[in-house]
Amino acid sequence: MSQRSVSKVNIVLKTDDSQFFKCELKRHLSPKTVGQITRALPLYGNAHFLGNSAVYFETSIESGIERSRNMFKKGDIAFLPVGKMICFFYSDTKVGKTLTPIGRIIGNIEKLSNIKSGSELHFYLETGA
């Protein structure tokens with residue numbers, strides 16, 4: 001059975017200190033935004049924190065808001081169009097801005113809070129090798 005799927009894209013988030021987080025981008029959540037992100041991979045950026053609930057990095061992705069919401073659960077991945085940021089939530093939270101939901105982190109979620117501010121993050125397709 002193929003690891004490729006029409007509805008989800010397997011992604012890896014890697015830190016500069018070699019921590020790995022398996023992620024899934026889910027097309028049904030926000031087809032346009034997920035498509036743009038997938039076509040732009042690999043993406044790189046420096047880690048920043050959104051309060052005590054998420055780590056994010058800035059991208060060059062230009063996408064409007066799609067199926068917006070401001071409540072996120074531990075493990076959610078979202079895109080903030082205003083800052084062109086991909087956000088990884090490590091705790092349940094309500095944020096002041098509306099974001100586009102794009103996927104989920106699969107495992108090791110609690111380790112996201114250990115990432116150091118300014119660390120380089122790499123976001124790329126999982127090859128399955």
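1. Cavity. The predicted model holds one cavity of 30 Å³ or more. Here a cavity is a set of points, on a 1 Å grid over the protein atoms alone, where a 1.4 Å probe fits but cannot get out. The largest cavity has a volume of about 30 Å³, a volume being the space filled by probe spheres set on the points, with grid points joined across faces, edges and corners. Its lining is made up of Thr15, Asp16, Asp17, Gln19, Asn114, Ile115, Lys116 and Ser119; a lining residue has an atom within 4 Å of a point. By class, the lining of the largest cavity divides into one nonpolar, four polar and three charged residues. In this scheme Ala, Val, Leu, Ile, Met, Phe, Trp, Tyr, Cys and Pro are nonpolar, Asp, Glu, Lys and Arg are charged, and the others, Gly among them, are polar.

2. Basis of the values. This is a predicted model, in which local features need pLDDT of at least 70 and side-chain atom pairs count only at pLDDT 80 or more, while totals for chains, interfaces and linings use all residues. Residues are numbered from 1 along each chain as its sequence is written, and side-chain values use heavy atoms, with hydrogens and water left out.

3. Backbone geometry. Most residues other than glycine have a negative phi, and most peptide bonds are trans. The peptide bond between Leu41 and Pro42 is cis, with omega about 0°; Pro42 sits in the loop between α1 (31-40) and β3 (43-46). Helices (H or I, at least four residues) and strands (E, at least two) are DSSP runs, numbered from the N terminus. Ser18 is not a glycine, yet has a positive phi of about 65°. Ser18 belongs to the loop between β1 (8-15) and β2 (20-26) and is partly exposed, at 46% relative accessibility. Asn108 also has a positive phi, near 60°; this residue lies in the loop between β9 (93-106) and β10 (120-125) and is partly exposed at 36%. The exposure classes are buried (under 20% relative accessible area), exposed (over 50%) and partly exposed in between, with a 1.4 Å probe and protein chains only.

4. Aromatic pairs. Rings of Phe, Tyr and Trp (its six-membered ring) pair if their centres lie within 6.5 Å; planes under 30 degrees apart count as stacked, over 60 as edge-to-face and the rest as tilted. The count by this rule is five aromatic pairs. Phe57 and Phe88 are stacked because their ring centres are 6.2 Å apart and their planes at 15°. This pair links distant parts of the chain, with Phe57 in strand β5 (residues 54-58) and Phe88 in strand β8 (residues 85-89), 31 residues apart. Phe57 is buried at 0%, and Phe88 is buried at 0%. Phe72 and Phe89 also form a stacked pair, at 4.7 Å centre to centre and 5° between the planes. That pair joins strand β6 (residues 69-72), which holds Phe72, to strand β8, which holds Phe89, across 17 residues. Both Phe72 and Phe89 are buried.

5. Cysteines. There are zero disulfides in the structure, a disulfide being a pair of cysteine sulfur atoms within 2.5 Å. Cys23 is in no disulfide, and the nearest cysteine sulfur, that of Cys87, is 13 Å away. Cys23 is buried at 3% relative accessible area. Cys87 is likewise in no disulfide and is buried at 1%.

Note on methods
On a 1 Å grid over the protein atoms alone, a cavity is a set of points where a 1.4 Å probe fits but cannot get out, and a pocket is an open set with protein on both sides within 12 Å along at least five of seven lines; lining residues have an atom within 4 Å of a point.
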